[in-house]
Amino acid sequence: MKKNKVKKSTNTHKKILTVLITGSTSGIGLGLAKAFAKEGHNIIFNGLEKDGSSIAADVAKEFKVKTLYSSANVLKADEIDAMVTEGEKKFGSIDVLINDAGIQHVAPIEDFPNATWDAIIGINLSASFHTSKAVWQGMKKQKFGRIINIASAHGLVASEFKSAYVAAKHGLVGLTKVLALEGATFGITANSICPGYVKTPLVDKQIADQAKAHGLSKEKVVSDVMLAPQAIKEFVDIEAIAALALFLSSSNAKMITGAALSIDGGWTAQ
Ligand code: NAD
């Protein structure tokens, strides 16, 4: 019997992907790492938490996958380059890059510390330029790559007292569009995920800070300040963000690129 000729795809999809996730030792990044590991993918962990190595080892053991931990400070381009080189050496390639590392600071413009502005722009925006640049050659060579930027509803709309965060996240949504255009002929897609509020250490700190600043209870800060702009008054589940990131990494998502995908309970629909 004549064998059917299988058309060779220009967007080769491996079964086991190597996924580099910045900021994956806490919160959303850690949830993303576990979700990808559960599907059998290799994970390159990164983050500043002291127990980063044991987090990576525990995930490797639990899900029977290969992991690596890098303590690279994403404010430093040379440390990012070293992390990518180490990852490519260990796994052969980096197939998915998820830029998740981020920090927040809430203060009126006249009180906003200059150094905090620089740090937020550096971690929440410039780092994604440096990581994307570092993985680009490898993705281009294998004609496959997925870049997923964890932006925010604040990449699409503003809130007062968040000048640096809103500027960085709007910038990240813009950077993502450029990566999408430049990657189009190389099988590289780039998308932003824009969540509403997610209950993580970053948000727990904000709840405490805002309660103090406004003289409100923590419950009131959540209901009257944080969830006020969302039509659905609930925190976003990390699992929902992970499910979207997994879909964006699949071959079915190869035509989704340059998009800013909201998971925000209707916040930006208004
Ligand atoms: P988190 O504080 O739990 O985790 C942040 C991670 O970033 C940590 O692993 C930390 O070590 C890492 N990190 C910070 N500075 C770093 C640096 N210089 N170098 C390397 N790693 C660094 O925060 P989270 O809530 O999980 O936030 C993750 C991302 O999701 C951020 O980009 C944040 O802006 C975005 N986001 C969060 C929410 C939310 O409500 N939590 C909503 C929308 C978007």
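1. In this predicted model, the ligand is held in part through backbone atoms of the protein: a polar backbone atom of Leu48 lies 2.8 Å from an oxygen atom of the ligand.

2. As to where the ligand is placed, it sits in the largest pocket. Residues of the shell around the ligand are given both by domain 1 (18-196 + 236-263) and by domain 2 (197-235), and the ligand therefore lies between these two domains.

3. There are 30 residues around the ligand, of which Ser26, Glu49, Tyr165, Val198 and Thr200 come nearest. By residue class, the shell around the ligand is made up of 16 nonpolar, 11 polar and 3 charged residues.

4. Turning to the helices, at least two residues of the shell around the ligand come from each of helix 1 (27-38), helix 5 (163-183) and helix 6 (201-214). Helix 6 supplies the largest share of that shell, with 3 residues.

Key
Residues are numbered from 1 along each chain as its sequence is written. This is a predicted model: local features need pLDDT of at least 70, side-chain atom pairs count only at pLDDT 80 or more; totals for chains, interfaces and linings use all residues. Side-chain values use heavy atoms; hydrogens and water are left out. A residue is near a molecule or strand if one of its heavy atoms lies within 4 Å of it. A polar contact is a pair of N or O atoms within 3.5 Å; within protein, one must be able to donate a hydrogen and the other to accept it, and residues adjacent in sequence count only if both atoms are side-chain atoms. On a 1 Å grid over the protein atoms alone, a cavity is a set of points where a 1.4 Å probe fits but cannot get out, and a pocket is an open set with protein on both sides within 12 Å along at least five of seven lines; lining residues have an atom within 4 Å of a point. A molecule sits in a cavity or pocket if more than half of its atoms lie within 2 Å of its grid points. Helices (H or I, at least four residues) and strands (E, at least two) are DSSP runs, numbered from the N terminus. Ala, Val, Leu, Ile, Met, Phe, Trp, Tyr, Cys and Pro count as nonpolar, Asp, Glu, Lys and Arg as charged, and the others, Gly among them, as polar. Domain bounds come from an automatic or database domain assignment.
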